[in-house]
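This report looks at how two chains meet in a predicted model.

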Amino acid sequence: MKLYREGSRLVQGISGPLIFVANARNAALGEVVTIETKKGTRTGQVLQVDGDVCAIQVFEGTLGLNPGDSTVWFERDVVKVRLGQALIGQVLDGRGLPRNGTPIPCFEQELPISGSPLNPAMRSSPNAFIETGISSIDLLNTLVRGQKLPIFSGAGLPANEIAAQIVRQARVPGNPDTFLVVFAAIGITEREARFFLDSFEETGARFHGIFIVNLASDSAIERLLTPRTALTIAEFFAFEKNFDVLVVMTDMLHYSEALREVSSAREEAPGRRGFPGYLYSDLASLYERAGCISGRKGSITQIPIVSMPGDDMTHPVVDLSGYITEGQIVLDRRMQARGIYPPINVLSSLSRLMNKGIGEGKTFAGHRPVADQLFASYARSREVSRLRLIIGDEGLTETESHYLKFGTVFEKIFLNQGFASLTIEESLIAAEKCLSVLPDEELYRVPDDILEEVGRLRSHDG
Amino acid sequence: MSSYGQIKSLAGTVIRAILSQPVTNFEVARVGEERLLGEVIRIEKGEADIQVYEDIDGVHVGEPVEFTGELLGIDLGPGLLGNVFDGIGRPLAFAEPGETPPVFLKRGFYAKSLEPRSKWVFKPNRSVSEEVFPGDIIGTVREGLGFDHAVMIPPGMPSSRIRSIIPDGSMVSVEKAVCELESGDVIFLSQRWQVRTPRPVREKLPFTEPFITGQRILDTMFPVALGGAAVVPGGFGTGKTVTQQSLAKWCNAEIVVYIGCGERGNEMTEVLEEFPRIIDPHTGRPLMERMVLIANTSNMPVAAREASIYLGMTIAEYFRDMGLNVALMADSTSRWAEALREISGRLGEMPGEDGYPAYLGSRLAQYYERAGRALLNGKLRRTGSITIFNTVSPGGGDFSEPVTQSSLRLSGAFWALDKRLAESRHFPSINWKKSYSLYENGLRPVFLQNLGPQWQKGVAFLRELLDRESELLSLVQIVGRDALSEQDKWDLEMGEIVRISFLQQNAFDPQDAFCPLEKQMLFAKTLMDLHILVSKEIENGVLHYQVQRLGLLRGMLSIRKVPEKEFLTESSKWVEKVGRSLIDMEAFS
């Protein structure tokens, strides 16, 4: 406890979530401040300093704040979170304090939530296959331990269900330990938060996970801290305690909107759709905190959920997320309408690290060519079905009709797997069944042994 | 001479300091008690704005700023190759003896870019009293398994005679003098250069030599010249990075400088893990021995991202001055431009298009124009080159945005990556209809001389066929495939074979990742022979569905794995076999 602290009573103005304080001596960027009023105290952070005037963002918001009766105390410290084994099973707020008010009994470390960049020369490549039990992910857009793979979703699409399903089913084959789940709820509704917590409770993840919850009704500014707190906790458990940590962050759109709110209050020049020009760097400072480190056992795998307003994939938050992360799982409204669950659009989905996690010894030999064949054939079938709308069935050649049938079978059997959890072998069999619809000469990428298997299935059906 | 100031205001990565003495624009400053590195970027009435190359959270108003009187520079010498640096030249793999490099980058760490403890064996190739000029090579040191790193007279030194030079086989560190000139100048194993200043050359040369990438679609259809510049724009997930890494792996440059500018950390890791294990097909040595990596990943400080491309260019120029062909790759130009935009925003400058500063184009030009093939300084007539491959990440995949457009104006080859191709997993997803290369005409004589007229024929065949295919595809949209003539149906199938076997190239298949130029030519010829053969048989009455049964695509895909030496015999055998089956069919129908 410091005996003396510096403060200022000269609150000059309030604008949105920001207050402007004069007579602030030697303020530091990012410094934590305490704002004392007659009605209680609030906390804030220095965003900008110009001479003795500083702009401070107030985490609790500025509603009811009166410049006349506020004293701003400078704490000479940055925002930190307390870390320790005791966090497991806790529900915290955006700043890492328990939401029910009971303090955490003991902690081992206290670290700034902004973190430090991981040395790229000390990372190690993610290369362990994670089986999610969802065929369209496992076989076609494989998730790898240490990857950051977002789910791009639209309003009304089941991103939450899929995320919860991944948390429930994800496992590294041959490794009995399951993941430590760190869940960051960023500005989501009470209903959504309840869904997640209930689903975690069901599977037991609730008691070996850590939950950082900032609801839509909580302070918007605290949303800027929520993912950072979550990731600092994740780093502690991954790299100090050797856990494989799975971080689910939802929803990054709310986070970016909070960033925009602060940016516009600071009167910064707006970029695309009013988001600040540094949105890319800011998002990267979160997403890049996933990965593996050479010589350490733990890892951080991230599954951020990003809403696409109006299903628009070129929306800046979605677009920039796509540039930073290592692929994306895209949900599709048309597939949802046709009753396909999970409605994953496999063609626009991608896992950039897939090649590192598949193949002999990891999944099965020939994984890559089979996946490539499925992609190519499905893309072709989509093309044919578009063509059919114009020229009708009569105009199609025999091969094209095969493709049309393949498309239907693929969506019905392979993509529409429901809530079942399939092993990679079961996913492969489903894929082979679909491929058997096509004649051999169209399966030009498939290796011979799998082609034989497909042939066997075909003669079986026929 | 150092002078001092005091921090007055702080915003993001830019600080403002009150000066006690005048300072130079772009002078290096040490900010705060932690002495964080920064650069003066604006001077105004006794105050200076400084962009700081590190995170400045927790830095107070009132802390001191020291101005060093120097501009941002880097030590150039042995030890650069195989190493990885951050945007301002600090070695990221640096560690004290017995320790491992830091896992998390703490700010304010300081290490020299060249390891002062390493010793190198010097081999002079000049002797006492010989006259030397700036740019001349006075000796070499051996790096790695077989790279002779030239020790040069730095640019700007007056020509003079050698007074003394250390003997053959001496062990020296980078800070040791190796030679003394009669003018009194001393030559060290390393030399320092300011990153924002181009290193001089005698004369720029025309673009007449090809740069071989080993990628079929690039070399055959959109070639780039030594000293040229190619731009690779594409939305996310279109394979920019994989394309660039394939280039870095298989191109015939002697040195590759790879700048990870605001991109993922894992991509750097990939290079660091993979490249030491891959053998360069041109020299037989590990690829890492010709690489210099600059990693300023997206989560590292933004201002250093701005500096990183100049740093990379300076290193490339240094190796060019040795008479080498250097490939400089930056991934991505857009992230660099965003850094520029962010700093400009902090300075409160008037924004131009899309919020980028008005000087975006001229800054980019300063970078692109430092590339090229050049006649080097020095007594002997030597040439060297820097070829640029820059990716651009246009927001929303829209190529009309300012960074893509400015890059196009400054470069000569445009390899447009296409989202739709990427979605059907056509890689490299370079769109053959939108891409272009302006170097083709300049390179034609060399191709003609080295590969003969067959090359031109093959290229023309591929172009015509792809053009025909896209025409037919739009026809199919109206009348359906069934309504086409047998020949048209076959042309469509041939187009597919070309697209899948020739244009697509599997970067992860060791037999296909690299395709030598001669093999590309033979490949094109095989395709042409096949097309002529089948077309003739179709004229004779063979039907297209019969041709379809032959599995030509599968055949072509296995042919493309055949090594260059056996390619000609194997492929002609295969075409003959196809011919025989067709004749059987003809007899049958």
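## Charged and polar pairs

In this predicted model, A:Asp448 and B:Arg554 form a salt bridge whose closest N and O atoms are 2.9 Å apart. Across the interface of chain B and chain A, the rule finds five salt bridges, and the count of residue pairs in polar contact between the two chains, with both residues at pLDDT 80 or more, is 36.

## The side of chain B that touches chain A

Several elements of chain B each supply at least two residues of the side that touches chain A, among them the strand β1 (3-11) and the helices α4 (302-320), α10 (453-479) and α14 (552-559). The element that gives the most to this side of chain B is α3(B), with eight residues.

By residue class, the side of chain B that touches chain A divides into 27 nonpolar, 25 polar and 24 charged residues.

## Extent of the interface

The size of an interface is often given as the accessible area lost when the parts come together. Here chain B and chain A bury about 6400 Å² between them, and 53% of that area lies on carbon and sulfur atoms. In terms of residues, 76 of chain B are in contact with 86 of chain A.

## Strand pairing between the chains

Strand β5 of chain A, covering residues 40-50, pairs with β1(B) in the antiparallel sense, and the pairing runs over three bridges. Within β1(B), B:Ser9 is the residue that stands opposite A:Asp50, while β1 of chain B is also listed among the elements that supply at least two residues of the side touching chain A.

Key. Residues numbered from 1 in each chain as written. Chains lettered and ligands numbered in written order. Predicted model: local features only at pLDDT ≥ 70, side-chain atom pairs only at ≥ 80, totals over all residues. Heavy atoms only, no water. Contact = heavy atoms within 4.5 Å. Buried area = accessible area lost by both parts, 1.4 Å probe. Salt bridge = Lys/Arg side-chain N within 4 Å of Asp/Glu carboxyl O. Polar contact = N/O pair within 3.5 Å; in protein donor to acceptor, adjacent residues only side chain to side chain. Helix = DSSP H or I, 4+ residues; strand = E, 2+ residues; numbered from the N terminus. Nonpolar A, V, L, I, M, F, W, Y, C, P; charged D, E, K, R; others polar. Pairing = 2+ DSSP bridges.
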